[in-house]
Amino acid sequence: MPAFTIDEVVVPPTLDAPGAEQFVEALDVGNIVNTIGYGTSDLAYEPAEELPQFSDPHEPHRMLAASVAGKIVARALYQTHVGEGADTAWIIVEVLPEFRRRGIGAALADAVEAIARGDGKAKALVYTPIPNTPNAQQHLNSPTGFGSIALNADARFLLARGYSFEQVGRLSRLTLPVAGIDRLLADAEKASGPDYAVRYWRDATPERWQADVALLGTRMSTDAPSAGLEEPEDVWTIERVIEADERAKLNPRTRLFAVAEHIPSGTLAGYTVLSVPRQSHRAVDQYATLVLREHRGHALGKLMKVANLAHLARLKPGHPSVVTFNAEENRHMLDVNESLGFVGIANESAWRKDL
């Protein structure tokens with residue numbers, strides 16, 4: 001068996017900078033593994049789309065790569081938050097199929113967990129695709145009561161390392177265009193009532209809504225179902241919203257926002273965001289969707305999703321589909337998605353390890 005080496009990947013300032021080839025090669029490995037795991041290339045991002053994420057000072061990223069004979073065959077990602085209470089690391093290890101069962105995954109896991117411990121993190125969270133294993137003899141039921149996974153090599157690897165299985169997520173796809181989108185929007189507006197109105201924007205957040213978007217971003221980290229993962233609060237401020245908008249200018253993708261304004265208070269009750277690649281043959285990614293708890297019960301989730309699909313059809317038509325993730329126990333949002341035509345195409349599992 002050829003020896004392997006593990007090195008940290010230097011994040012280049014630009015994709016034209018010296019050494020950027022290693023960064024791109026490691027990203028390619030991640031895309032290959034994800035495409036196999038989820039059974040679709042819809043989640044593959046280009047290097048120009050990934051690079052801005054690695055320069056976010058509020059969400060530090062690091063990447064390790066394992067190489068055999070000078071070729072990157074596996075990578076590990078480390079992400080965390082900064083500030084008081086930032087006790088969590090999100091990690092993932094991805095190994096090309098032909099290089100598995102050689103100790104590479106274990107060595108990368110050891111290295112990335114050591115980074116988390118060195119940063120003083122209390123727990124590590126892992127989200128990983130659930131391979132289709134139709135003949136599996138044993139399964140693990142999700143502790144949420146929604147979904148299960150095959151007890152396969154991936155699951156055994158995580159269990160042996162001390163991770164606990166916490167949640168099943170669903171990857172869903174909506175085929176575009178949506179038939180009768182204008183009628184669907186009119187019906188959704190009627191169902192939500194006169195106290196709410198949809199507002200739209202593209203990319204940078206209007207100054208009027210920056211404080212509200214900061215609140216929504218913070219609540220997104222605490223209000224989404226996270227089972228026993230105990231996802232930490234991620235505090236957003238107006239300054240952070242502005243910084244994120246500036247950083248997004250470096251990304252070739254376009255962000256489309258649809259938000260629900262609560263007319264009596266003049267504040268935002270919820271938001272949803274679509275991330276649109278520049279190539280029309282690629283799938284659109286559904287980012288955050290949230291309705292503040294105090295405004296739930298008015299069908300605002302469906303209103304905003306339908307509105308943003310209409311927004312997409314107006315500004316960026318021609319894309320084949322939209323893809324989105326939801327926790328299996330988030331039955332309300334799954335009902336909304338299914339009513340629009342979303343169909344489940346894959347699943348992922350979420351794991352936790354106390355460090």
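One cavity of 30 Å³ or more is counted in this structure, which is a predicted model. The space in the largest cavity is about 70 Å³, while the second largest pocket holds about 740 Å³.

**Largest cavity**

- The lining of the largest cavity is made up of T128, P129, I130, P131, I149, A150, N152, D154, A155, L158, S349 and W351.
- Four elements, β5, β7 (148–150), α4 and β14, each give at least two residues to the lining of the largest cavity.
- Helix α4 has the largest share of that lining, with three residues.
- Sorted by class, the lining of the largest cavity comprises eight nonpolar, three polar and one charged residues.

**S349, in the cavity lining**

- S349, one of the residues that line the largest cavity, belongs to strand β14 (residues 343–354).
- S349 counts as buried because its relative accessibility is 3%, and the cut-off for buried is under 20%.
- The side chains of S349 and W351 are joined by a polar contact of 2.8 Å, and W351 is also listed among the lining residues of the largest cavity.
- Beyond its neighbours within four places in sequence, S349 contacts V126, Y127, T128, I130, I149, F165 and Q167.
- Among these partners of S349, T128, I130 and I149 also line the largest cavity.

**Second largest pocket**

- The space in the second largest pocket comes to about 740 Å³.
- The second largest pocket is lined by 29 residues, of which V93, V95, R100, D154 and F157 are the closest to its centre.
- Two or more lining residues of the second largest pocket come from each of α1 (20–38), β4 (88–95), α3 (104–118), β5 (123–129) and α4 (153–160).
- By class, the lining of the second largest pocket splits into 17 nonpolar, five polar and seven charged residues.

**Helix α9**

- The buried residues of helix α9 (residues 331–340) are M333, L334, V336, N337 and L340.
- Viewed down the axis of α9, these buried residues fall within an arc of 155°, so they line one face of the helix.
- Residues three or four places apart in an α-helix point the same way, because there are 3.6 residues a turn.
- The packing partners of the buried residues of α9 are β8 (164–175), β12 (284–291), α8 (300–315) and β13 (321–327).
- G341 follows α9 and has a positive phi, near 110°.

- H295 sits in the loop between β12 and α8.
- The relative accessible area of H295 is 10%, so H295 is buried.
- A polar contact of 2.9 Å links the side chain of H295 to the side chain of Y196.
- Apart from neighbours within four places in sequence, H295 has contacts with Y196, H262, A269 and L300.
- T218 is part of helix α6 (residues 210–223) and counts as buried at 10% relative accessibility.
- A polar atom of the T218 side chain lies 3.0 Å from the backbone oxygen of A214.
- With residues up to four places away in sequence left out, T218 touches E233, D234, V235 and W236.
- The C-alpha atoms of T218 and R75 are 30 Å apart, and the two residues are separated by 143 residues along the chain.

**Backbone features**

- Most residues other than glycine have a negative phi, and most peptide bonds are trans.
- R101 is not a glycine but has a positive phi of about 60°.
- R101 is located in the loop between β4 and α3 and is exposed, with a relative accessible area of 73%.
- A299, also not a glycine, has a positive phi near 60°.
- The loop between β12 and α8 contains A299, which is partly exposed at a relative accessible area of 36%.
- The peptide bond between L176 and P177 is cis, with omega about -5°.
- P177 lies in the loop that runs between β8 and α5 (181–192).

Notes:
Residues numbered from 1 in each chain as written. Predicted model: local features only at pLDDT ≥ 70, side-chain atom pairs only at ≥ 80, totals over all residues. Heavy atoms only, no water. Buried < 20%, exposed > 50% of the residue type's maximum accessible area, 1.4 Å probe, protein only. Polar contact = N/O pair within 3.5 Å; in protein donor to acceptor, adjacent residues only side chain to side chain. Contact = heavy atoms within 4.5 Å. 1 Å grid on protein atoms, 1.4 Å probe; cavity = no way out; pocket = protein on both sides within 12 Å on 5 of 7 lines; lining within 4 Å. Points joined across faces, edges and corners; volume = space filled by probe spheres on them. Nonpolar A, V, L, I, M, F, W, Y, C, P; charged D, E, K, R; others polar. Arc of directions from axis to C-beta.
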